[in-house]
Amino acid sequence: MVMLEFFDPSGRLEVKQPHAPRLDDLAGKRVGFVSNEQWQAYRMLPLLKSLLERDFAGIEVLPIDAFPQGNALIGNEETAEQVKRSGVDAVIIGNAA
Amino acid sequence: MTNAISGLGLAPEAAMVTFPIALFLPGSDIGAVEARKQEFYDGLTRWSPRLAAGPSGESPVVAVQGATFDDALVKANNAMLANQWGDGLPLWPPTRARVEWILQGSARPRTDALGTFPPRGGVATVETCAIALAMAGGRPEYLPVLLAAVEAFLDPESGSEQLQAASGSAFPVVIVNGPIGRQIRLNSGFGCLGPDPQHPAGASIGRALRLLQQNVGGARPGIGTMANYGGLRYTNVVFAEDEANLPAGWPAHGTERHGFAPGQSSISLVFANGATNIRRRGAKKETPEEDALQGMHRMADFMRVPNLAGLAGYEHGTPGILMIPGVVAQTMVGLGWTKRTMREFLWEHSRIPGEHLARAGGYAWIEIDASKVARESAALDPWPITASPDNFVLIVAGGGHPTNSYWLQGYSPGVVGREIRVPEGFERLLAEAERDLGG
């Protein structure tokens, strides 16, 4: 038999930071959206907002345009700071495609 | 998407609710959002990543067994495809011996990190590059060019962070200047963008870069890269400028664009997403002056299209790479043209009438561009396809035949240069190549 051993070519990954902790419940929480404003986000995200507001008592869901929108803006540090300052408990990011 | 998540230094997974593409099209039925609302709610409350913080460890070694070497080779290739590490063409398994051989071409320690490949965020080390080059059929003397190309690719100025994943099918073009091109058998002449048994280096280096993009960067079609078509991605484009045939006084690209000393081996990395031959020479009784002018018009006319590819590099990048053969460059210079006047002509005559831009919806793209200079250019009519004539990359390359030029349509926020560093003993590697491949 002939054995060939070779390297996995995909390189290593470094996990440098944890994901944000999850909420225990959505009732009474404050939720925001960060949208790239593309791919039907203008329809899908308002629908999601209305569903959240219907299903969870006391939830506050910020308007879709509460934070800067568009691919050029949603990933920058300024937007992230704005989201933090708003005091939201959670953020939904959409829409990727 | 998990590629992008891990590229941010997070565990390579996320709380996502994914839908078929039909949902994202105009006029779609978005009822599925309500039907699957619990998945959104769970993502905000119950989801947890499977990987904790910390390094995920070194890449493992894979082993296959075969009844014969040929059988083992087949099994190794099957394994590489099954793991989505291949490109569909036969690969050399990156065995320890082959990788050690390739590493002789590095002036840097094997553990040196060159950066992280977007979007996945895999760490590119000298060794990782050697592994890719081994798979791509490369040789140690090619490694200095690959390392310089990877450094340039990972420079934020190149735009690779977005272009790796974007739908526009960008591929890196690596232009090599200096003696290393000739030393390692890079093609600068006939067929320099294609396969050539006399000049095999470009294909291996470009293929290795692509394998790094795919395997370390996670840019797999439809998963980590949304490139609709992905043209020229088997080998990308790697060639040398034909410095032996530059007209007198015509600076080499690396010196002109990046300021490298004449004779310094270097690379220049540009993203492109189109490649087309342009018929340059006249067909009948043109005078030399008419022939030159008509050729310039044909090239500029070809660039005057409102598909806005050059918008990506409007301010600091390039609308594209124009390749002309040495014989044409020399003739043009003999007629009084210079590199500068050629660029200025192309810039002026590739301007797009506002009416044409408007009917093609071009202004909408210009107005949302991240560059202020690009946005403000909307006021110009006719609209220049790039901010400055200097942005055109004009390269002397291709066979010694005057009939054709070649246009690599730019899609490149920047044009990034790097010096090439060769290790001690490089001459020995070149001598071994001559022994192996013939003089």
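Predicted model: local features only at pLDDT ≥ 70, side-chain atom pairs only at ≥ 80, totals over all residues.

Me: Which residue in β5(A) stands opposite Val31(A)?

Reply: Ala90(A) does.

Me: And what's the strand order in that open sheet of chain A?

Reply: The order is β4-β3-β5, three strands with parallel pairing. The edges are β4(A), at 60–61, and β5(A), at 90–94, and each of those pairs on one side only.

Me: Ok, what holds strands of a sheet together in general?

Reply: Backbone hydrogen bonds, in either a parallel or an antiparallel arrangement.

Me: Zooming out, how many helices and strands does chain A have?

Reply: Three helices and five strands. Going along the sequence, the pattern reads β-β-β-α-β-α-α-β.

Me: What's the radius of gyration of chain A?

Reply: 19 Å, whereas a compact globule of 97 residues would have one near 13 Å. The C-alpha trace of chain A spans about 70 × 30 × 25 Å along its principal axes.

Me: How much of chain A counts as buried?

Reply: 27% of its 97 residues. As for contacts in chain A between residues at least 6 apart in sequence, 76% of them join residues at least 24 apart.

Me: Switching to chain B. How do α5(B) and α6(B) cross?

Reply: Helix α5(B), residues 96–103, and helix α6(B), residues 126–135, have axes that come within 9 Å and cross at roughly 110°. That angle falls in the 65 to 115 degree range, so α5(B) and α6(B) count as roughly perpendicular to each other. The crossing of α5(B) past α6(B) is right-handed.

Me: Which residues meet there, between α5(B) and α6(B)?

Reply: From α5(B) you have Arg98(B), Val99(B), Ile102(B) and Leu103(B). They meet Glu127(B), Ala130(B), Ile131(B), Leu133(B) and Ala134(B) in α6(B).

Me: And the other pair, at what angle do α7(B) and α10(B) cross?

Reply: Roughly 40°, with the axes of α7(B), residues 143–154, and α10(B) coming within 10 Å. That makes α7(B) oblique to α10(B). Val145(B), Leu146(B), Ala149(B), Val150(B) and Phe153(B) of α7(B) make the contact with Ile205(B), Ala208(B), Leu209(B) and Leu212(B) of α10(B). Here too, α7(B) passes α10(B) in a right-handed crossing.

Me: Back to strands. In which sense do β3 and β4 of chain B pair?

Reply: Antiparallel, over four bridges, with β3(B) at residues 113–117 and β4(B) at 122–125. One bridge partner to look at is Val123(B) in β4(B), which goes with Thr116(B).

Me: What about the turn, how many residues sit between the strands of that β3(B) and β4(B) hairpin?

Reply: Four, and Gly121(B) in that hairpin takes a positive phi near 90°. There's also a cis peptide bond joining Pro118(B) and Pro119(B), with omega about -5°. Pro119(B) is found in the loop between β3 and β4 of chain B.

Me: Where's the cis bond that involves Pro382(B)?

Reply: It joins Asp381(B) and Pro382(B), with omega about 0°. Pro382(B) lies in the loop between α17 (372–376) and β9 (393–396) of chain B.

Me: Which residue other than glycine has a positive phi near 60°?

Reply: Ser169(B). You'll find Ser169(B) in the loop between α8 (160–163) and β5 (171–177) of chain B. Asn236(B) is another non-glycine with a positive phi, about 50°, and sits in the loop between α10 (201–215) and β6 (237–240) of chain B.

Me: Is Asn236(B) buried or exposed, and why?

Reply: Buried, because 24 other C-beta atoms lie within 10 Å, and the cut-off is 20 or more. Ser169(B) has 19 within 10 Å, so Ser169(B) is partly exposed.

Me: Last one, which residues does Trp365(B) touch, ignoring those up to four places away in sequence?

Reply: Leu308(B) and Leu311(B). Trp365(B) and Leu308(B) are 57 residues apart in sequence, with 7.8 Å from C-alpha to C-alpha. Trp365(B) is in helix α16(B), residues 362–367, and counts as partly exposed because of its 16 C-beta neighbours inside 10 Å.

Definitions and conventions. Residues numbered from 1 in each chain as written. Chains lettered and ligands numbered in written order. Helix = DSSP H or I, 4+ residues; strand = E, 2+ residues; numbered from the N terminus. Rg over C-alpha atoms; globule rule 2.2 N^0.38 Å. Buried ≥ 20, exposed ≤ 12 C-beta atoms within 10 Å, placed from the backbone. Contact = placed C-beta atoms within 7 Å. Pairing = 2+ DSSP bridges. Axes fitted to C-alpha atoms, helices over the stretch in contact; angles between N-to-C directions. Parallel < 35°, antiparallel > 145°, perpendicular 65-115°, else oblique. Left-handed = near helix turned anticlockwise from the far one by under 90°.
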